[in-house]
Amino acid sequence: MATFVDRVVLHLRAGDGGHGCVSIHREKFKPLGGPDGGNGGHGGSVSFKVDPQVHTLLDFHFRPHLKASNGKGGAGSNRDGATGDDLVLLVPDGTVVQTADGEILADLVGAGTTVEVARGGRGGRGNASLANSRRKAPGFAELGEPGEVLDVVLELKSVADVGLVGFPSAGKSSLISVLSAAKPKIADYPFTTLVPNLGVVRVDDHTFTIADVPGLIPGAATGKGLGLEFLRHIERTAVLVHVVDAATLEPGRDPVSDIDAIEAELSAYGGLEDRPRVVAINKIDVPDGRDLAEIVRPDLEERGYRVFEVSAATREGLRELTYAMAELVAAQRITAPDPEATRIILRPRAVDDAGFTIEETADGTFVVRGAQPERWVRQTNFDNDEAVGYLADRLNRLGVEEKLAKAGAVRGSLVQIGEREFDWEPTLGEGIDPTAGLRGTDPRITERSNRARASDRLAARKMRRQPTPDLPGYGTDFDDVDADQPADDQV
């Protein structure tokens with residue numbers, strides 16, 4: 001028997017971008033072939049798409065870790081790497097995609113609805129794309145950007161027109177089995193139905209879907225029984241049908257008290273006050289059940305309910321109930337607002353938005369935040385001095401150096417961009433031609449290669465801050481000094 005799964009946690013990873021290629025064209029009789037390194041391919045993205053043929057999240061339950069393919073690296077002769085294949089995950093209609101913190105990313109309703117949740121990394125540019133009038137033969141290429149990593153929670157809220165609610169063993173599954181072609185499990189013990197059942201009902205020219213919620217009990221909205229797991233399946237229903245048992249033998253139970261208990265749980269769950277209600281008193285084929293239905297019917301009609309006495313076993317009264325449900329569904333569809341067309345939202349960047357921000361932490365580190373500088377850092381090969389110099393030039397042109405100076409940074413200050421930390425060199429580009437060295441080297445960085453590292457300077461600063469007494473001969477044991485020696489020799 002197939003397992004029904006309506007909530008899963010997925011660990012998604014988009015594909016990484018391919019690295020750019022460093023290559024110089026070499027051909028006989030063409031000594032100045034120039035750079036011909038190709039670009040890396042973009043990584044594949046991860047998307048969700050509604051498929052009418054999918055009805056459960058079972059596949060994701062057994063395969064929660066999903067990853068799109070990576071982009072291929074570039075090659076010589078201006079050959080770009082292949083783009084990674086996108087990963088499109090098929091989900092049922094009514095699936096809600098949300099983060100682990102509960103933030104809703106998308107509510108997927110309607111066949112073909114698609115949303116991208118994890119974007120693939122950009123491919124790095126090869127040295128052919130990085131060449132310009134000053135840097136004619138770059139000795140470096142950009143690295144591929146890592147793909148986005150995201151944990152999402154998928155919750156399935158069944159899209160049905162009519163929802164059947166009631167106590168366990170009230171006969172909801174029996175009603176669906178006789179009203180539609182659905183074949184749910186039916187037995188004579190409580191909580192037979194452990195998953196929602198869906199069925200399609202046709203009445204003349206009307207067609208609507210019907211779903212039952214596994215047996216509700218008092219306290220279901222707080223987690224008792226199965227209610228908290230499956231109450232969300234009636235959020236999208238247009239009509240609610242109270243299925244009550246007229247032949248129950250449990251003490252203290254009758255159709256009126258059952259409806260009051262279920263209404264209390266629906267009110268505690270919230271959001272269902274505007275749904276029209278219908279009452280179906282089931283099991284009137286039992287003699288005592290028919291008598292009880294006739295007794296409670298006036299009380300229920302006084303409350304405003306439309307009451308139908310039915311029997312799933314003999315199919316008595318089902319025709320009237322079916323037409324009533326079809327009438328309410330049709331009326332609800334007419335009053336429902338027309339679906340809005342997809343809006344294209346433009347969010348232009350503000351005129352005074354530099355694309356990054358700088359803030360100083362308590363330990364004196366200047367943290368630069370922004371999508372563009374952080375992407376540049378991720379795509380830089382820090383084993384290549386020329387690539388590091390190119391990054392410094394790009395950050396300078398973006399205005400990072402100017403804002404760091406205004407924020408109070410000085411030479412040697414610790415600057416963090418993304419996951420990288422640097423010693424700030426504000427005059428990196430002054431007076432030196434960055435293209436004067438060999439490929440892969442940068443004279444601006446090479447000439448400062450003997451400069452002390454940040455950790456060494458920090459250790460030296462701590463040593464200087466240690467208190468030292470201003471006494472002559474501090475640290476000398478005068479008991480070991482020979483009094484007969486001259487004073488100059490004793491010091």
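**Close-up views of a predicted model**

View 1. Strand E17, residues 414-417, and strand E18, residues 420-423, are paired in the antiparallel sense, with four bridges between them. Two residues separate the strands of this hairpin, and Gly-418, which lies in the turn, has a positive phi of about 65°.

**View 2. The six-stranded open sheet.** The strands of this open sheet follow the order E10-E11-E9-E12-E13-E14, and their pairing is mixed. E10 and strand E14 (306-309) are the edge strands, each of them pairing on one side only, and from one strand to the next the twist averages 25°. Within the sheet, E9 and E11 run parallel and are joined by three bridges; Val-162 has Ile-210 in E11 as its bridge partner. Helix H3 packs on the sheet, where it touches E9, E10, E11 and E12, and its direction makes about 155° with that of E11. Helix H5 (residues 255-269) also packs on the sheet, in contact with E9, E12 and E13, and the angle between its direction and that of E12 is about 140°.

**View 3. Helix H3 and the annotated residue Ser-173.** An unreviewed UniProt entry carries the annotation "binding site" for Ser-173 and Thr-193. Ser-173 is located in helix H3, which spans residues 172-179, and with a relative accessible area of 8% this serine falls under the 20% limit and therefore counts as buried. Because seven of its eight residues are buried, H3 is largely enclosed by the rest of the structure. The buried residues of the helix are Lys-172, Ser-173, Leu-175, Ile-176, Ser-177, Val-178 and Leu-179. They pack against strand E9 (162-165), strand E10 (197-203), strand E11 (206-212), strand E12 (239-245) and helix H7 (318-335).

**View 4. The largest nonpolar core and the surroundings of Val-241.** This core comprises 27 residues, of which Val-162, Leu-164, Phe-208, Ile-210, Val-241 and Met-325 touch the most other members. Two or more residues come from each of E9, H3, E10, E11, E12, strand E13 (277-282) and H7, and H7 gives the most, with seven residues. Beyond its neighbours within four places in sequence, Val-241 contacts Val-162, Gly-163, Leu-164 and Val-165, together with Val-278, Ala-280 and Met-325. Another core lies apart from this one and has 24 residues, including Leu-10, Phe-48, Ala-68 and Ala-106. In soluble globular proteins, nonpolar side chains tend to be buried together.

**View 5. Confidence along the chain.** The protein chain has a mean pLDDT of 80, and 80% of its residues reach 70 or more. Among its elements, strand E3 (residues 65-67) has the highest mean pLDDT, at 95, whereas helix H13 (residues 487-490) has the lowest, at 45. Where pLDDT is low, the predicted coordinates should not be read in detail.

How values were computed: Residues are numbered from 1 along each chain as its sequence is written. Side-chain values use heavy atoms; hydrogens and water are left out. pLDDT is the predictor's confidence in each residue, from 0 to 100. UniProt positions are given in the numbering used here, feature names are shortened, and annotations may be inferred rather than shown by experiment. Buried means under 20% relative accessible area, exposed over 50%, partly exposed in between (1.4 Å probe, protein chains only). Contact means heavy atoms within 4.5 Å. A nonpolar core is a set of buried Ala, Val, Leu, Ile, Met, Phe, Trp, Tyr and Cys residues joined through side-chain atoms within 4.5 Å. Two strands pair if DSSP finds at least two bridges between them. Axes are lines fitted to C-alpha atoms, for helices over the stretch in contact, and angles run from 0 to 180 degrees between N-to-C directions.
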